[in-house]
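Please keep the sequence and the model in view while reading.

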Amino acid sequence: MAKAQRSDPAEPVGIRGATAADMPGVIALDEAVTGLRKPEYWREMFERYGAARREPGSFLVAEAAGRIEGFIVGEVRAWEFGSPPCGWIFAVQVRAARRVQGLGSRLFDAVCESFRAAGVDRVRTMLARDDTVIHAFFRSQGMTAGPFIQLEMRLD
Amino acid sequence: MRLQKATAFALYAVLELAANPARQLTVVEIADKYGISAHHLAKVLRDLGRAGLVEAVRGVGGGYRFAGNAKRLTLMDVIRLFEEIGAETDAAAPLVVGQDIAAGLRFVLAELDAQTVATLRSISLSTMLKLIGRRPWAVMPSQPPARRSARQQR
């Protein structure tokens, strides 16, 4: 269970690789932000990109006084539709009380550094078109439209 | 897409002033920098003043200065003061029987409009100023390799 304590903005926030012990906090924060509880999904993500690194990627958390205040997850994807290997961010969350204080930028910088260390020179992501908050966040980090287009169709 | 003249002038002025909120600039100073009509720009700045994005500074050395929050105001917030983006192609418009071609075209054009609106809403003035500082247009954009049609094995 996540601790029911409040964020103290004065408490310094550290960024580090996620551990198995962080998963309850990650699950609780994701649930608080999205309204969806997905414990199996996050445990699978940790298996893939956490300390064991079953696949190349990074699962980083922002933690203050033992409480998870944010996280970011990314992987290195290679040769999808001819795209050379690149970093791909597929999850980022920051607790509402900690936003607009640069924490998201620190997480973004840290995951980009892990991508550079993995030898790639580009980072990509995909997001909901109407999610202005996360879209504005990625734009503020310097991301712009890339050369790929996302398409979909209904299967029913 | 092309912006109307007044919209482009508004973006020039707001971004120029937001780049240094403590600085005040006259209409002529901004118009000269961008090679645009001072008369037209004066009208645009009055509209921006009424919207609270800039404020007039009276007296000797007067002019305009930025009065908004550059981290909150987006390109869309400025643009919609002067024109409506995406108003001409509404995919939700009622389908007229026998006009499937028109409905199909509206659907595709609405796709483009939705992308445009999402982009303009996501870029704050602060983000835009950072982008201008990086000059990404001076770098060759990355291109997807041609004629790849299937996901390859990692």
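How many helices and strands make up the secondary structure of chain A? The secondary structure of chain A comes to 4 helices and 5 strands, where helices (H or I, at least four residues) and strands (E, at least two) are DSSP runs numbered from the N terminus. The model is a predicted one, in which local features need pLDDT of at least 70 and side-chain atom pairs count only at pLDDT 80 or more, while totals for chains, interfaces and linings use all residues. Residues are numbered from 1 along each chain as its sequence is written, and chains are lettered from A and ligands numbered from 1 in the order in which they are written.

**Overall form of chain A**

- From the N terminus on, the elements of chain A follow the order β-α-α-β-β-β-α-β-α.
- Chain A has a radius of gyration of 16 Å, which agrees with the value near 15 Å that a compact globule of 156 residues would have; the radius is taken over C-alpha atoms, and the globule rule is 2.2 Å times the number of residues to the power 0.38.
- Taken along the principal axes, the C-alpha atoms of chain A fill a box of roughly 45 × 35 × 35 Å.
- Of the 156 residues of chain A, 33% count as buried; a residue is buried if 20 or more other C-beta atoms lie within 10 Å of its own, exposed if 12 or fewer, and partly exposed in between, with C-beta atoms placed from the backbone.
- Among contacts in chain A between residues at least 6 apart in sequence, 57% join residues at least 24 apart; two residues are in contact if their C-beta atoms, placed from the backbone, lie within 7 Å.

**Nonpolar cores**

- The largest nonpolar core has 28 residues, of which A:Val26, A:Leu60, A:Phe71, A:Ile72 and A:Val111 touch the most other members; such a core is a set of buried Ala, Val, Leu, Ile, Met, Phe, Trp, Tyr and Cys residues joined through C-beta atoms within 7 Å.
- At least two residues of this core come from each of α1 (23-34), α2 (39-49), β2 (57-64), β3 (67-77), β4 (86-94) and α3 (103-117) of chain A.
- The most is given by α3(A), with 5 residues.
- Leaving aside its neighbours within four places in sequence, A:Val111 is in contact with A:Ser58, A:Leu60, A:Ile72, A:Gly74 and A:Ile89.
- Another core, of 23 residues, lies apart from this one and has B:Ala18, B:Leu25, B:Leu45 and B:Leu75 among its members.

**Helix α4 of chain A and its surroundings**

- The axes of α4(A) (residues 132-140) and α5(B) come within 8 Å and cross at roughly 65°; axes are lines fitted to C-alpha atoms, for helices over the stretch in contact, and angles run from 0 to 180 degrees between N-to-C directions.
- The two helices, α4(A) and α5(B), are therefore roughly perpendicular to each other, a term for angles of 65 to 115 degrees.
- On the α4(A) side the contact is made by A:Thr132, A:His135, A:Ala136 and A:Arg139, and on the α5(B) side by B:Ala118, B:Arg121 and B:Ser122.
- Within α4(A), the residues A:His135, A:Phe137, A:Phe138 and A:Arg139 are buried.
- The cover over the buried residues of α4(A) includes α3 and β5 (123-125) of chain A, together with α5 and α6 of chain B.
- Just after α4(A), A:Gly142 takes a positive phi of about 110°.

**Helices of chain B**

- The axes of α1(B) (residues 5-18) and α6(B) (residues 125-134) come within 10 Å and cross at roughly 85°.
- As a result of that angle, α1(B) and α6(B) are roughly perpendicular to each other.
- Their contact is made by B:Val14, B:Leu15 and B:Ala18 of α1(B) and by B:Leu125, B:Met128 and B:Leu129 of α6(B).
- B:Leu105 is found in α5(B) (residues 100-122) and is exposed, with 12 other C-beta atoms within 10 Å.
- B:His39 has its place in α3(B) (residues 38-50) and counts as exposed, with 9 C-beta neighbours inside 10 Å.

**Positive phi in loops of chain A**

- A:Ala65, in the loop between β2 and β3 of chain A, has a positive phi near 50° and is a residue other than glycine.
- A:Ala65 is partly exposed, since it has 13 other C-beta atoms within 10 Å.
- A:Phe81, in the loop between β3 and β4 of chain A, has a positive phi of about 50° although it is not a glycine.
- A:Phe81 counts as exposed, with 12 C-beta neighbours inside 10 Å.

Note on methods. Angles under 35 degrees count as roughly parallel, over 145 as roughly antiparallel, 65 to 115 as roughly perpendicular and the rest as oblique.
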